[in-house]
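Here are my notes on this model, as numbered points. Please read them with the coordinates open.

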Amino acid sequence: MTYCVGMMVNEGLAMIADTRTNAGVDNISSYKKLHVTEVPGERVIAIATAGNLSVTQMALSLVSKGVHMPGGDGPETLETVPSLFRAAQICGHALQQVRAEFSPSPSLSPEADALRLSASMLLGGQVKGGQLRLYLIYSLGNFIECGPDTPYMQIGELKYGKPILDRALRPDTPMAEAVKLGLISFDSTIRSNIAVGAPFDMIVIPRDGLHGEQRRIEADDPYFRELGRLWSEALAAAHRAMPTPPWLERISPPRPSISVVG
């Protein structure tokens, strides 16, 4: 299992991906799941992957070598595509091609076999002359684009990190705050699911900057650990400040009043 998130705000795009891959509690390893293609001043394209590791790795290898699209003139790569939309098309085609090469297992139902080969990608970035974009690409090769109504996309183990993004992330959220929210969503996820873990890889792409700032966040990263501690304390304080359910007031002792100074 894995967790990846892409957050699109007015200032730019941030993408974060974990590195944990496991086949059981006694077989845990790490693989990089955030892959970046960058030509400074000309293009920056980031891909985060989730699902069957062999499927995503083979698909990325195909994209690196060049994908022959139906009706195309020749192989296309992330270094040659004219737009992010075309990048999403060739990545989707590569995923579809890899899945087709795996013959269905006779011991599994079609539904179980499809689940075994499940894979998805987040693709974001910008090509010179085009807009900054973020896409979610599904196993079958189809994809959707991130929009202002929900300025983020997730793949993998998404349910634990989703509530904080739903409540707090908006298109006008400053980039620094968006990164903070993304890291809090990771902290919430790793506390609830052992299949997601550090280190995390992150890229921040300023809108129209055509370059990306990359960083790896280890489990003992001082900022990440402090952020998790402060978030836990803030949640505990918020829950204590909530009013007692009126139907329990008779059996609950009165709470001392809390005053805020400053």
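1. Aromatic pairs come first. The model is predicted, and the count comes to 5 aromatic pairs. One of them is Phe85 with Phe143, an edge-to-face pair. Its ring centres are 5.6 Å apart, with 70° between the planes. This pair links distant parts of the chain. Phe85 is in helix α2 (residues 84-101) and Phe143 in strand β9 (residues 143-145), 58 residues apart.

2. How accessible are the two residues of that pair? Phe85 has 42% relative accessibility, so Phe85 counts as partly exposed. Phe143 has 24% and also counts as partly exposed.

3. Now take Phe200 and Phe224. Their ring centres are 5.3 Å apart and their planes stand at 75°, so the pair is edge-to-face. Here too, distant parts of the chain are linked: Phe200 belongs to strand β11 (residues 200-206), Phe224 to helix α6, and 24 residues separate them. Are Phe200 and Phe224 buried or exposed? Both are buried. They also belong to one aromatic cluster, together with Tyr3 and Phe186.

4. Phe186 and Phe224 turn up again in a helix pair. Helix α5 (residues 175-192) packs with helix α6 (residues 222-241) at an angle of about 75°, and the axes are 10 Å apart. That angle makes α5 roughly perpendicular to α6. On the α5 side, the contact is made by Lys180, Leu183, Ile184, Phe186, Asp187, Ser188, Ile190 and Arg191. On the α6 side it is made by Tyr223, Phe224, Leu227, Gly228, Trp231 and Ser232. What is the make-up of this contact by class? It has 8 nonpolar, 3 polar and 3 charged residues.

5. Next, the sheet. It is open and built from 5 strands in the order β5-β6-β7-β8-β9, with antiparallel pairing. Which strands stand at the edges? They are β5 (34-39) and β9. Each has a single partner strand, so one side of each is left without a neighbour in the sheet. Neighbouring strands are turned by 15° against each other on average, direction ignored.

6. Look at one strand pair inside this sheet. Strands β7 (residues 119-127) and β8 (residues 133-137) run antiparallel and are joined by 5 bridges. In β8, Leu134 is the bridge partner of Gly124.

7. Two helices pack on the sheet. Helix α1 (residues 53-65) touches β5, β6 and β7, and its direction makes about 35° with that of β7. Helix α2 touches β6, β7, β8 and β9. The direction of α2 makes about 160° with that of β7.

8. Thr49 deserves a look. Thr49 lies in strand β6 (residues 43-51). Its relative accessible area is 5%, so Thr49 is buried. What does Thr49 contact, leaving aside neighbours within four places in sequence? The partners are Thr2, Cys4, Lys33, His35, Thr56, Leu60, Ser120, Met121 and Ile155.

9. Last, the chain as a whole. The protein chain has 6 helices and 12 strands. Of its 262 residues, 43% are buried. Consider contacts between residues at least 6 apart in sequence: 61% of them join residues at least 24 apart.

Definitions and conventions:
Residues are numbered from 1 along each chain as its sequence is written. This is a predicted model: local features need pLDDT of at least 70, side-chain atom pairs count only at pLDDT 80 or more; totals for chains, interfaces and linings use all residues. Side-chain values use heavy atoms; hydrogens and water are left out. Axes are lines fitted to C-alpha atoms, for helices over the stretch in contact, and angles run from 0 to 180 degrees between N-to-C directions. Helices (H or I, at least four residues) and strands (E, at least two) are DSSP runs, numbered from the N terminus. Angles under 35 degrees count as roughly parallel, over 145 as roughly antiparallel, 65 to 115 as roughly perpendicular and the rest as oblique. Contact means heavy atoms within 4.5 Å. Ala, Val, Leu, Ile, Met, Phe, Trp, Tyr, Cys and Pro count as nonpolar, Asp, Glu, Lys and Arg as charged, and the others, Gly among them, as polar. Rings of Phe, Tyr and Trp (its six-membered ring) pair if their centres lie within 6.5 Å; planes under 30 degrees apart count as stacked, over 60 as edge-to-face and the rest as tilted. Buried means under 20% relative accessible area, exposed over 50%, partly exposed in between (1.4 Å probe, protein chains only). Two strands pair if DSSP finds at least two bridges between them.
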